Amino acid sequence: MKKIFALVAALSMLTMAMTGCTEKNAPVAETETTTAETTTVAEETTTAETTTTAAETKEPTIEEVYDSIADGPWAHAFSAKMSEWEEGNIKIYAEMEEDGVSTEIEMEKFGQNAYLKMNIAGKVDIVTIVCDGYTYMIDDATASYSKELSEDADDSFVDDGGIDEFISAGGEDGTEFPEMLDSGIEEINGEKYIYEEYEGEPVENEDGTTLKTTLRYYFDAHANIKYVKQTDETGKETLAVFEVEFCDEPDATAFELPQGYKEVTSDEMGLILMMKLFSVAAEME
């Protein structure tokens, strides 16, 4: 843009200079012709410059990106990154709705320290912090927390990437994917995304039977994951917003226990959370 403005200014000054000279030595009619010709040249040059600049900065369409993919499935590379939790830092945000109940998940992972917050139906917050070998369950409403040695607590989402199961189509470490079943372009909420579809983990019904599922991973044109959709064999779909950030430094405050909270037993904390869930379930009936 600066180049265009500079070009227009230079041509304008040149036109003025040429017009001044013409007024002294030539008829007015010729001056008008010269000015018109100069203006035409300026417009053509400016248009050409604008067209070139636009061409250079134009983002490829999602269709062009999809047609040019040659490095193998993006979901494989993404899962490989996720499996590096033991070494790297990561932030995750997920949002989904199932059977009318919304769930939001925020997670931050740094080494063996982790912060996980789940909000259910916009009313129940469940906060887990794993830090310095302990697992803390925190309830802000009662300003209380429980504490257990991590080896006795359910901290599998730190030890073996258990939370990765939600976005992994197979393989214990999240790197061994089954064969891709399908790929293409799909529109979600007015935007187009590249999707890859894989076989998912079976879903167990209340009667003990299981349903086969598929998982679709949705990426933007820059290979950033945006959605994950699970579909069971009955056609039921669960779409989750999914945002992942691989970062250099964690938010240290995320792993700090709130000041002034009272310690309760794990059984007491379990009862507190159970009562909250029952309350939400009763309101939805």
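Modeller: Gladly. Keep in mind that this is a predicted model. Start with Glu 104, which has a relative accessible area of 33%.

Colleague: Why is Glu 104 called partly exposed?

Modeller: Buried means under 20% and exposed means over 50%. Glu 104 has 33%, so it is partly exposed. Glu 104 sits in strand E2.

Colleague: What makes up the patch of negative charge on the surface?

Modeller: Glu 95, Glu 97, Glu 104, Glu 106 and Glu 243 gather there. Strands E1 (89-98) and E2 (101-110) each supply at least two of the patch residues.

Colleague: Why does Lys 229 count as buried?

Modeller: The cut-off for buried is under 20%. Lys 229 has 10% relative accessibility, so it counts as buried.

Colleague: How do you know that Lys 229 and Glu 186 form a salt bridge?

Modeller: The criterion is a nitrogen within 4 Å of a carboxyl oxygen. For this pair the N to O distance is 3.3 Å, so it qualifies. Lys 229 is in strand E12 and Glu 186 in strand E7, so the bridge ties together parts 43 residues apart in sequence. Lys 229 also meets Glu 237 in a salt bridge, at 3.8 Å.

Colleague: What makes E7 and E14 edge strands?

Modeller: The open sheet has 12 strands, in the order E7-E8-E11-E12-E13-E1-E2-E3-E4-E5-E6-E14. Strand E7 (182-188) and strand E14 (262-263) each pair on one side only.

How values were computed:
Residues numbered from 1 in each chain as written. Predicted model: local features only at pLDDT ≥ 70, side-chain atom pairs only at ≥ 80, totals over all residues. Heavy atoms only, no water. Patch = residues over 30% accessible without salt bridge, like charges linked within 9 Å, V, L, I, M, F, W, Y side chains within 5 Å. Areas by Shrake-Rupley, 256 points an atom, 1.4 Å probe, with all protein chains shown as cover. Salt bridge = Lys/Arg side-chain N within 4 Å of Asp/Glu carboxyl O. Lys, Arg positive; Asp, Glu negative; His and termini not counted. Charge placed at Lys NZ, Arg CZ, Asp CG, Glu CD. Helix = DSSP H or I, 4+ residues; strand = E, 2+ residues; numbered from the N terminus. Buried < 20%, exposed > 50% of the residue type's maximum accessible area, 1.4 Å probe, protein only. Pairing = 2+ DSSP bridges.
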